[in-house]
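Subject: Structure handover

Hello,

Please find the structure below, followed by notes on what was found in it.

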Amino acid sequence: MSESNPYSILSQPTTSAEPEGGPDARALRLAGGLLVTGAVLSFLYVVQGLVAGTGGPAGALGIAIDLVIGVALFRNQSGYLSWAILRTVGGALFFGLPPLFRGDVVEAAVVLVLSAGFLLLLVGKPNRGRIIGGVALAGLVYLLMAVGLIANAFA
């Protein structure tokens, strides 16, 4: 009688990496990577402001939160999904509405576009189109941030 080897790949049941109807692992990883990217860009803005003497470490808590949530999502820890959605909606309200009320439509639009990009990745089970759209929206905002950093460095 031959016993099956419990360490053999062939004897293990095949299961998908994500539960049916659960979050998409690719979308979580992309959202996590984008959150980390945003945290790095924000950190560079803070450093640039400190060096120029025009700013302070005001965004340090937000940067830390984005790093923790971003790394967790990148590691496919879907338990942080609710925190990521809360962070995205809170950021849209806290950083998007005040500029809108001040009449700074461009700043409000940038914040809301970034938030929309993240929500496309985080809410429900995004299809390929939503993943591409979410990455494109967030990537566009981050590209603008990088251009701003470079422009400030040479100003």
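Contact here means heavy atoms within 4.5 Å, and buried means under 20% relative accessible area, with exposed over 50% and partly exposed in between (1.4 Å probe, protein chains only). Helices (H or I, at least four residues) and strands (E, at least two) are DSSP runs, numbered from the N terminus.

This is a predicted model, in which local features need pLDDT of at least 70 and side-chain atom pairs count only at pLDDT 80 or more, while totals for chains, interfaces and linings use all residues. Residues are numbered from 1 along each chain as its sequence is written, and side-chain values use heavy atoms, with hydrogens and water left out.

Overall fold

The chain has five helices and zero strands, in the order α-α-α-α-α from the N terminus on. Of its 155 residues, 30% are buried. Among contacts with a separation of 6 or more, 63% are between residues 24 or more positions apart.

Helix α4 and what follows

The buried residues of α4 are Ala-108, Val-111, Leu-114, Ser-115, Gly-117, Phe-118, Leu-121 and Leu-122. An α-helix has 3.6 residues a turn, so residues three or four places apart point the same way. Ser-115 belongs to helix α4 and counts as buried because its relative accessible area is 8%. Leaving out residues up to four places away in sequence, Ser-115 touches Thr-88 and Ala-92.

The length of α4 agrees with expectation: its 18 residues should span 26 Å at 1.5 Å a residue, and its end C-alpha atoms are 25 Å apart. The expected span is 1.5 Å times one less than the number of residues in the helix. Just after α4, Gly-124 has a positive phi of about 70°.

Helix α1

For α1, 28 residues at 1.5 Å a residue should span 40 Å, which agrees with the 40 Å between its end C-alpha atoms. At the start of α1, a side-chain oxygen of Asp-24 comes to within 2.9 Å of the backbone nitrogen of Arg-26. Polar contacts are pairs of N or O atoms within 3.5 Å; within protein, one must be able to donate a hydrogen and the other to accept it, and residues adjacent in sequence count only if both atoms are side-chain atoms. Just after α1, Gly-53 takes a positive phi of about 75°.

Arg-29 lies in α1 and is partly exposed, because its relative accessibility is 38%. Arg-29 touches Leu-73 and Phe-74, residues up to four places away in sequence not being counted. Its C-alpha atom is 9.5 Å from that of Leu-121, although Arg-29 and Leu-121 are 92 residues apart along the chain.

Gln-48 is also placed in α1. A polar atom of the Gln-48 side chain lies 2.9 Å from the backbone oxygen of Leu-149. With residues up to four places away in sequence set aside, Gln-48 touches Leu-149, Asn-152 and Ala-153.

Arg-130 is in helix α5 and, at a relative accessible area of 26%, is partly exposed. A polar atom of the Arg-130 side chain is 2.9 Å from the backbone oxygen of Leu-120. Beyond its neighbours within four places in sequence, Arg-130 is in contact with Leu-119, Leu-120, Leu-121, Val-123, Gly-124 and Lys-125.

Asn-76 sits in the loop between α2 and α3. Its phi is near 65°, a positive value in a residue other than glycine. Asn-76 is partly exposed, with a relative accessible area of 31%.

The largest pocket

The largest pocket has a volume of about 930 Å³. Of the 27 residues that line this pocket, the closest to its centre are Ser-42, Arg-87, Phe-95, Leu-114 and Met-145. A pocket is an open set of points on a 1 Å grid over the protein atoms alone, where a 1.4 Å probe fits, with protein on both sides within 12 Å along at least five of seven lines; lining residues have an atom within 4 Å of a point. Grid points are joined across faces, edges and corners, and a volume is the space filled by probe spheres set on the points.

At least two lining residues come from each of α1 (25–52), α2 (60–74), α3 (81–102), α4 (105–122) and α5 (128–153). By class, the lining has 16 nonpolar, eight polar and three charged residues. Ala, Val, Leu, Ile, Met, Phe, Trp, Tyr, Cys and Pro count as nonpolar, Asp, Glu, Lys and Arg as charged, and the others, Gly among them, as polar.

Regards
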